[in-house]
Amino acid sequence: MDELIELLKQFDGIGNKAAKKIFFEIMTSKSKKDKLVETIEKISNSYKICETCYFYRFENLCKFCDDATRNQELICVVSYITDAQRILESNYRGLIHVLNGEINLNKNIHPENLKMEELFARINKDKEIILALNLTFEGEVTANYIGNKIKSSVKKVSRIARGIPLGGVIDYIDNETLENAITNRKNLK
Ligand SMILES: [Zn+2]
(Lines give C-alpha, C1' and ligand atoms only; values in the text may rest on other atoms or scores of the structure.)
Protein backbone atom coordinates (compact mmCIF):
# COMPACT_ATOMS: atom_id res chain seq x y z
CA MET A 1 0.00 0.00 0.00
CA ASP A 2 2.73 2.46 1.03
CA GLU A 3 4.60 1.56 -2.14
CA LEU A 4 1.81 2.80 -4.43
CA ILE A 5 1.20 5.91 -2.31
CA GLU A 6 4.92 6.75 -2.41
CA LEU A 7 4.88 6.20 -6.18
CA LEU A 8 1.90 8.54 -6.66
CA LYS A 9 3.60 11.21 -4.52
CA GLN A 10 6.46 11.35 -6.99
CA PHE A 11 4.14 12.97 -9.52
CA ASP A 12 4.38 16.73 -9.78
CA GLY A 13 1.57 18.41 -7.85
CA ILE A 14 0.46 15.29 -5.94
CA GLY A 15 0.99 15.53 -2.20
CA ASN A 16 0.44 13.00 0.57
CA LYS A 17 -3.29 13.74 0.88
CA ALA A 18 -4.02 13.55 -2.87
CA ALA A 19 -1.92 10.38 -3.19
CA LYS A 20 -3.95 8.65 -0.46
CA LYS A 21 -7.22 9.82 -2.01
CA ILE A 22 -6.25 8.41 -5.41
CA PHE A 23 -5.00 5.22 -3.80
CA PHE A 24 -8.26 4.52 -1.99
CA GLU A 25 -10.35 5.43 -5.01
CA ILE A 26 -8.42 3.00 -7.17
CA MET A 27 -8.37 0.22 -4.60
CA THR A 28 -12.01 0.39 -3.55
CA SER A 29 -13.33 0.25 -7.10
CA LYS A 30 -12.38 -2.86 -9.02
CA SER A 31 -13.66 -1.42 -12.28
CA LYS A 32 -11.57 1.75 -11.86
CA LYS A 33 -8.50 -0.30 -10.98
CA ASP A 34 -8.88 -2.67 -13.93
CA LYS A 35 -9.57 0.17 -16.33
CA LEU A 36 -6.51 2.10 -15.12
CA VAL A 37 -4.16 -0.85 -15.47
CA GLU A 38 -5.62 -1.75 -18.87
CA THR A 39 -5.39 1.83 -20.19
CA ILE A 40 -1.82 2.39 -18.97
CA GLU A 41 -0.76 -0.87 -20.61
CA LYS A 42 -2.52 -0.02 -23.86
CA ILE A 43 -1.13 3.53 -24.06
CA SER A 44 2.42 2.77 -22.96
CA ASN A 45 2.86 0.38 -25.87
CA SER A 46 2.01 3.09 -28.40
CA TYR A 47 3.59 6.02 -26.53
CA LYS A 48 7.25 6.79 -27.28
CA ILE A 49 9.46 9.86 -27.18
CA CYS A 50 10.16 11.47 -30.57
CA GLU A 51 13.89 11.27 -31.25
CA THR A 52 13.84 14.52 -33.23
CA CYS A 53 11.92 17.01 -31.10
CA TYR A 54 11.50 15.05 -27.81
CA PHE A 55 7.74 15.51 -27.81
CA TYR A 56 5.90 12.19 -27.78
CA ARG A 57 5.07 9.84 -30.60
CA PHE A 58 1.71 8.12 -30.36
CA GLU A 59 1.28 5.11 -32.62
CA ASN A 60 4.57 6.20 -34.19
CA LEU A 61 3.31 9.63 -35.15
CA CYS A 62 4.68 12.93 -33.83
CA LYS A 63 2.09 15.69 -34.16
CA PHE A 64 4.84 18.21 -34.89
CA CYS A 65 7.51 16.37 -36.93
CA ASP A 66 5.11 14.28 -38.98
CA ASP A 67 2.80 17.15 -39.89
CA ALA A 68 3.97 18.35 -43.30
CA THR A 69 1.59 21.32 -43.20
CA ARG A 70 3.69 22.89 -40.43
CA ASN A 71 6.30 25.52 -41.22
CA GLN A 72 9.51 23.47 -41.29
CA GLU A 73 11.76 26.53 -40.86
CA LEU A 74 10.20 27.62 -37.57
CA ILE A 75 11.17 25.88 -34.33
CA CYS A 76 9.65 26.77 -30.98
CA VAL A 77 11.87 25.76 -28.04
CA VAL A 78 10.17 24.82 -24.76
CA SER A 79 11.40 23.45 -21.45
CA TYR A 80 8.87 20.72 -20.80
CA ILE A 81 6.69 18.31 -22.72
CA THR A 82 3.62 19.84 -21.00
CA ASP A 83 4.57 23.23 -22.55
CA ALA A 84 4.80 21.55 -25.96
CA GLN A 85 1.30 20.15 -25.46
CA ARG A 86 0.05 23.70 -24.75
CA ILE A 87 1.76 24.98 -27.91
CA LEU A 88 0.19 22.11 -29.89
CA GLU A 89 -3.26 23.25 -28.72
CA SER A 90 -2.57 26.87 -29.77
CA ASN A 91 -2.68 28.26 -33.32
CA TYR A 92 1.12 28.01 -33.68
CA ARG A 93 1.99 26.27 -36.95
CA GLY A 94 5.72 25.53 -36.76
CA LEU A 95 7.86 22.76 -35.27
CA ILE A 96 8.86 22.20 -31.63
CA HIS A 97 11.90 21.25 -29.56
CA VAL A 98 11.57 20.06 -25.95
CA LEU A 99 14.68 20.62 -23.82
CA ASN A 100 13.47 18.42 -20.96
CA GLY A 101 14.22 21.03 -18.31
CA GLU A 102 15.97 24.34 -17.72
CA ILE A 103 19.51 25.23 -16.70
CA ASN A 104 19.53 25.28 -12.89
CA LEU A 105 22.94 25.30 -11.26
CA ASN A 106 21.46 24.89 -7.77
CA LYS A 107 19.94 21.63 -8.88
CA ASN A 108 23.05 20.71 -10.86
CA ILE A 109 21.23 20.89 -14.20
CA HIS A 110 23.72 21.99 -16.85
CA PRO A 111 23.23 22.45 -20.62
CA GLU A 112 24.69 18.99 -21.21
CA ASN A 113 21.87 17.48 -19.12
CA LEU A 114 19.29 18.94 -21.49
CA LYS A 115 18.44 18.22 -25.15
CA MET A 116 20.65 21.16 -26.11
CA GLU A 117 23.10 19.56 -28.58
CA GLU A 118 20.10 17.91 -30.20
CA LEU A 119 18.61 21.39 -30.73
CA PHE A 120 21.85 22.80 -32.15
CA ALA A 121 21.97 19.88 -34.58
CA ARG A 122 18.59 20.93 -36.01
CA ILE A 123 19.39 24.55 -36.79
CA ASN A 124 20.80 26.29 -39.83
CA LYS A 125 20.67 29.65 -41.60
CA ASP A 126 17.11 29.09 -42.82
CA LYS A 127 15.64 28.52 -39.36
CA GLU A 128 13.77 30.91 -37.11
CA ILE A 129 13.93 29.94 -33.45
CA ILE A 130 11.33 31.05 -30.89
CA LEU A 131 12.44 30.63 -27.29
CA ALA A 132 9.19 29.92 -25.44
CA LEU A 133 10.88 29.28 -22.13
CA ASN A 134 9.27 30.24 -18.85
CA LEU A 135 9.76 33.85 -17.78
CA THR A 136 11.41 32.73 -14.56
CA PHE A 137 15.06 33.06 -13.53
CA GLU A 138 15.92 29.58 -14.86
CA GLY A 139 13.95 30.20 -18.06
CA GLU A 140 15.84 33.46 -18.65
CA VAL A 141 19.22 31.81 -18.01
CA THR A 142 18.37 29.03 -20.45
CA ALA A 143 17.05 31.45 -23.10
CA ASN A 144 20.17 33.62 -22.84
CA TYR A 145 22.43 30.61 -23.10
CA ILE A 146 20.69 29.35 -26.26
CA GLY A 147 20.39 32.86 -27.75
CA ASN A 148 24.12 33.48 -27.42
CA LYS A 149 25.01 30.07 -28.82
CA ILE A 150 22.84 30.19 -31.91
CA LYS A 151 22.30 33.83 -32.89
CA SER A 152 25.01 33.78 -35.55
CA SER A 153 23.89 30.49 -37.08
CA VAL A 154 20.16 31.05 -37.55
CA LYS A 155 18.04 33.42 -39.61
CA LYS A 156 16.25 34.79 -36.58
CA VAL A 157 15.97 34.08 -32.86
CA SER A 158 13.26 35.54 -30.68
CA ARG A 159 11.96 35.28 -27.15
CA ILE A 160 8.23 35.11 -26.37
CA ALA A 161 6.84 38.51 -25.43
CA ARG A 162 6.25 39.66 -21.91
CA GLY A 163 2.48 39.43 -22.20
CA ILE A 164 3.09 36.59 -19.79
CA PRO A 165 3.45 37.99 -16.25
CA LEU A 166 6.99 37.95 -14.97
CA GLY A 167 7.63 34.63 -13.32
CA GLY A 168 4.94 33.21 -15.57
CA VAL A 169 5.00 29.50 -16.17
CA ILE A 170 3.69 28.49 -19.58
CA ASP A 171 1.70 25.61 -18.20
CA TYR A 172 -0.48 27.96 -16.14
CA ILE A 173 -1.40 30.68 -18.62
CA ASP A 174 -4.43 30.77 -20.89
CA ASN A 175 -4.25 30.03 -24.63
CA GLU A 176 -4.89 33.61 -25.73
CA THR A 177 -2.04 35.01 -23.63
CA LEU A 178 0.24 32.26 -24.91
CA GLU A 179 -0.70 32.93 -28.54
CA ASN A 180 -0.17 36.70 -28.06
CA ALA A 181 3.20 36.06 -26.48
CA ILE A 182 4.26 34.00 -29.49
CA THR A 183 2.88 36.54 -31.99
CA ASN A 184 4.53 39.49 -30.25
CA ARG A 185 7.85 37.75 -29.77
CA LYS A 186 10.89 39.96 -29.36
CA ASN A 187 13.86 39.64 -31.69
CA LEU A 188 17.13 38.74 -29.98
CA LYS A 189 19.39 39.81 -32.81
ZN1 LIG B 1 8.82 15.11 -33.13
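Leu114 is found in the loop between β4 (94-98) and α5 (116-120); helices (H or I, at least four residues) and strands (E, at least two) are DSSP runs, numbered from the N terminus. This is a predicted model, in which local features need pLDDT of at least 70 and side-chain atom pairs count only at pLDDT 80 or more, while totals for chains, interfaces and linings use all residues. Residues are numbered from 1 along each chain as its sequence is written, and side-chain values use heavy atoms, with hydrogens and water left out.

Visitor: Does Leu114 count as buried or exposed?

Guide: Buried means under 20% relative accessible area, exposed over 50%, and partly exposed in between (1.4 Å probe, protein chains only). Because its relative accessibility is 6%, Leu114 counts as buried.

Visitor: Which residues does Leu114 touch, not counting those up to four places away in sequence?

Guide: Contact means heavy atoms within 4.5 Å. By that rule, Leu114 touches Leu99, Asn100, Gly101, Glu102, Ile103 and Ile109.

Visitor: How many Å separate the C-alpha atoms of Leu114 and Asp66?

Guide: Along the chain, Leu114 and Asp66 are 48 residues apart. The separation of their C-alpha atoms is 23 Å.

Visitor: Which side chain of opposite charge is nearest to Glu179?

Guide: Glu179 lies in helix α7 (residues 175-183). Lys and Arg count as positive and Asp and Glu as negative, with His and the chain ends not counted. Glu179 is buried and has no salt bridge, a term for a side-chain nitrogen of Lys or Arg within 4 Å of a carboxyl oxygen of Asp or Glu. The nearest side chain of opposite charge is 7.7 Å away and belongs to Arg86.

Visitor: What is Glu179 in contact with, leaving aside its neighbours within four places in sequence?

Guide: Glu179 belongs to helix α7. Its contacts beyond those neighbours are Ser90 and Asn91.

Visitor: Which residues does UniProt list for "zinc finger region: C4-type"?

Guide: The listing comes from an unreviewed entry, and such annotations may be inferred rather than shown by experiment, with positions in the numbering used here and feature names shortened. UniProt gives the region as residues 50-65.

Visitor: How many helices and strands does the chain have?

Guide: From the N terminus on, the elements run α-α-α-β-β-β-α-β-α-β-α-β-α-β. The secondary structure comes to 7 helices and 7 strands.
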